[in-house]
Amino acid sequence: MKLYGMGPSRSFRCLWALEESGLAYDYIALDIRAPAEQANSGQNPDYLALNTQGKVPTLVNGDLVLTESAAILYYIARCAPESGLLPNASMDVYAKLDELVIFIMAELEQPLWSNGKHRFALPEEVRIPQMLETANFEFAKAVKTLDHLLPDSEYAIGNQFSLVDILLAQTFNWAIRFEFDVPQKYRDLRDRHYQRPAAQRALEVIGA
Ligand SMILES: N[C@@H](CCC(=O)N[C@@H](CS)C(=O)NCC(=O)O)C(=O)O
């Protein structure tokens, strides 16, 4: 399979999962903001044919094209069941896993993305500077909620590393990079999971 990505962005979640999975893959590094005529640009027509928004990540496997990072994580986990990225668990445990994934995507990362959109991603004329304060407020609220959703243990689900831990660690890494107020326990979570050999290999792939 082929993964199109860029640096430590959301595509890093998928790259890390591929390294955890042991599946064979090719990584294609893009520059999403490069001029469209550049082959590695997110705006290049060949890439837009795969990902209409010109965003990363995109995963291609044969005829299958996926453009949502969480869906890609589930797909990689299902292609490599022995990786344990999706634990063999009861209905109730799966329900908690889904709840955490959706919470991270819908609540925890949204203020980070609001910050990015209103600092550099949106066209200048639609950016709203006050959104940065709003994003800080919403992130703090989401972190408080996460304190209640997460068990007080090494991993998010049961006693093994799963795709939820990848999502959490990458999202807190993003928050730290964007200088959000990240409590020490989530800085430690990021540090702990980023020390995994698969994460280190993925960091080497992006040259970090
Ligand atoms: N919901 C998508 C969001 C993808 C996304 O917004 N990716 C960002 C990088 S983290 C991007 O490519 N942004 C380019 C832009 O907005 O122009 C996912 O989780 O995969």
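**Exercise 1. Which residues in H7 meet which residues in H8? Describe the packing of the two helices.**

Solution. This is a predicted model, in which local features need pLDDT of at least 70 and side-chain atom pairs count only at pLDDT 80 or more, while totals for chains, interfaces and linings use all residues. Residues are numbered from 1 along each chain as its sequence is written.

Step 1. Helices are DSSP runs (H or I, at least four residues) and strands are DSSP runs (E, at least two), numbered from the N terminus. H7 covers residues 163–177 and H8 covers residues 184–194.

Step 2. Two residues are in contact if their C-beta atoms, placed from the backbone, lie within 7 Å. On the H7 side, Asp165, Leu168, Ala169, Phe172, Asn173 and Ile176 meet Tyr186, Arg187, Leu189, Arg190, His193 and Tyr194 of H8. By class, this contact of H7 with H8 holds seven nonpolar, two polar and three charged residues (Ala, Val, Leu, Ile, Met, Phe, Trp, Tyr, Cys and Pro count as nonpolar, Asp, Glu, Lys and Arg as charged, and the others, Gly among them, as polar).

Step 3. The angle between H7 and H8 is about 120°, and their axes are 9 Å apart (axes are lines fitted to C-alpha atoms, for helices over the stretch in contact, and angles run from 0 to 180 degrees between N-to-C directions). H7 is therefore oblique to H8; angles under 35 degrees count as roughly parallel, over 145 as roughly antiparallel, 65 to 115 as roughly perpendicular and the rest as oblique.

Step 4. The crossing of H7 and H8 is left-handed (the near helix is turned anticlockwise from the far one by less than a right angle; clockwise would be right-handed).

**Exercise 2. At what angle do H5 and H6 pack, and how far apart are their axes?**

Solution. Step 1. H5 (residues 110–121) and H6 (residues 131–149) pack at about 165°, with an axis separation of 8 Å.

Step 1. H5 and H6 are therefore roughly antiparallel, and their crossing is left-handed.

Step 2. H5 contributes Pro111, Leu112, Ser114, Asn115 and His118 to the contact, and H6 contributes Met131, Leu132, Thr134, Ala135, Glu138, Phe139 and Ala142. These residues of H5 and H6 divide into seven nonpolar, four polar and one charged.

**Exercise 3. Is the crossing of H1 and H9 left-handed or right-handed?**

Solution. Step 1. H1 (residues 11–21) packs against H9 at about 125°, with the axes 8 Å apart; H1 and H9 are therefore oblique to each other.

Step 1. The crossing of H1 and H9 is right-handed.

Step 2. Phe12, Leu15, Trp16, Glu19 and Glu20 of H1 meet Ala198, Ala199, Arg201, Ala202 and Val205 of H9. The contact of H1 with H9 comprises seven nonpolar, no polar and three charged residues.
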